[in-house]
Structure formats: C-alpha cells, structure tokens
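This report looks at one strand, its partners and a residue beside it, and then at the whole chain. Please keep the sequence and the structure in view while reading.

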Amino acid sequence: MQRFSGNHPISIDEKNRIVIPSRWRTLLGEEVTIQLSQKGCLSIYPQATYDALFEKINARAESDMLSRRELEYLSQYTEEYQAVDRSGRLLIPNDVKGYFAFEGELLLTGTIDKLELWRKEDHTRFYASERDFIMESRDKR
C-alpha cells in the first residue's frame with residue numbers, strides 16, 4: 001500500500017491555490033476532496049479514498065446515531081471532486097477556506113491515507129499533545 005508521509009512547508013497564492021509537492025501528486029490523483037478536519041486543519045483526500053470512507057460511514061449511519069452525525073459533519077464542511085491541475089496546483093474553495101485561517105507559515109503533512117494542510121503553529125501544538133497522549137498510553141500498557 002502506498003501512503004503519504006512526511007512534512008512539506010507550503011504557501012498559498014493570491015488565487016487560493018497550493019502546489020502539491022511532486023512526490024505526492026501521483027498518489028493523490030487528479031481529483032480530491034477537501035474537508036475541514038475536527039483536528040483544526042484541512043484534510044485533502046484522494047477522491048477514491050474519500051468515497052470509500054463516506055460509504056463505510058454511510059453504511060453504519062442508518063442504525064448508529066454517532067455515524068449519522070459524523071456523516072452530517074463530513075457533508076457540511078467538505079468540497080468533493082476538486083481538480084488538481086497538471087502543475088500540481090489545487091484550489092482551496094472559498095467555502096472551506098472561510099473556516100481555516102491561512103495566515104502565518106503553512107505545512108502540508110502526509111498522514112497515511114491523506115494530506116493535511118496546517119498552520120505550522122497549530123500543527124506543532126496538536127502533535128505535541130498527541131505525542132504526550134501516546135507516551136502516557138504506552139506507559140499504561
């Protein structure tokens with residue numbers, strides 16, 4: 001299984017586009033879904049990966065209220081079928097951009113099955129707390 005990994009400093013141009021690093025373009029594909037993540041970043045899924053995730057949650061949603069709420073959240077803060085152009089540029093739609101602050105340094109990170117677009121300071125803060133949680137959890141095993 002191919003996967004996204006690593007970090008890459010990134011900028012957004014005056015037309016609200018980012019350039020996907022060449023090492024991730026083939027894996028990402030030509031169409032993506034951009035979603036406001038509950039972690040405080042933008043998630044960028046290959047379209048096929050997002051479609052599979054949606055179907056998995058949708059299958060549970062009829063009988064599970066939490067899955068139904070998750071599906072509703074995904075639908076409200078998501079822009080599907082966004083094109084990555086031949087130069088690797090991806091437009092961040094205004095609907096999604098309005099929920100994410102693009103000031104300061106930005107970081108594009110690979111997180112196994114998707115990319116995440118972070119403000120660098122938010123990424124540092126979030127993953128410091130994640131690291132602490134993982135270390136504490138390991139100590140309890």
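## Strand 4 and its two partners

Serine 43 stands opposite glutamate 116, a residue of strand 8. The model is a predicted one. Strand 8 covers residues 115-119; strand 4 and strand 8 run antiparallel and are joined by three bridges.

Strand 4 also pairs with strand 3, which spans residues 31-36; this pairing is antiparallel too and has five bridges. Within the pairing, threonine 33 is placed opposite tyrosine 45 of strand 4. Five residues lie between strand 3 and strand 4, and the two strands form a hairpin. In the turn, glycine 40 has a positive phi of about 100°.

## The faces of strand 4

Is strand 4 mostly covered or mostly open? Strand 4, residues 42-46, is mostly covered, since five of its five residues are buried.

In a regular strand, side chains alternate between the two faces of the sheet. For strand 4, one side holds Leu42, Ile44 and Pro46, and the other holds Ser43 and Tyr45. The residues on both sides are buried, which leaves both faces covered.

## Glutamine 35

Glutamine 35 belongs to strand 3. Is this residue, glutamine 35, buried or exposed? Its relative accessible area is 5%, and the cut-off for buried is under 20%, so glutamine 35 counts as buried.

Which residues does glutamine 35 touch, leaving aside neighbours within four places in sequence? Its contacts are Cys41, Leu42, Ser43, Tyr45, Tyr50, Leu74, Tyr77 and Thr78. With threonine 78, glutamine 35 makes a polar contact of 3.4 Å between the two side chains. Isoleucine 112 is 77 residues away from glutamine 35 in sequence, and their C-alpha atoms are 16 Å apart in space.

## The whole protein

The protein has five helices and eight strands. Along the sequence they follow the pattern β-β-α-β-β-α-α-β-β-α-β-β-α.

Along the principal axes, the C-alpha atoms fill a box of roughly 45 × 35 × 35 Å.

Of the 141 residues, 38% are buried. The accessible surface is about 9000 Å², and carbon and sulfur atoms account for 47% of that surface. Taking contacts between residues at least 6 apart in sequence, 58% join residues at least 24 apart.

Methods. Residues numbered from 1 in each chain as written. Predicted model: local features only at pLDDT ≥ 70, side-chain atom pairs only at ≥ 80, totals over all residues. Heavy atoms only, no water. Buried < 20%, exposed > 50% of the residue type's maximum accessible area, 1.4 Å probe, protein only. Helix = DSSP H or I, 4+ residues; strand = E, 2+ residues; numbered from the N terminus. Pairing = 2+ DSSP bridges. Contact = heavy atoms within 4.5 Å. Polar contact = N/O pair within 3.5 Å; in protein donor to acceptor, adjacent residues only side chain to side chain. Areas by Shrake-Rupley, 256 points an atom, 1.4 Å probe, with all protein chains shown as cover.
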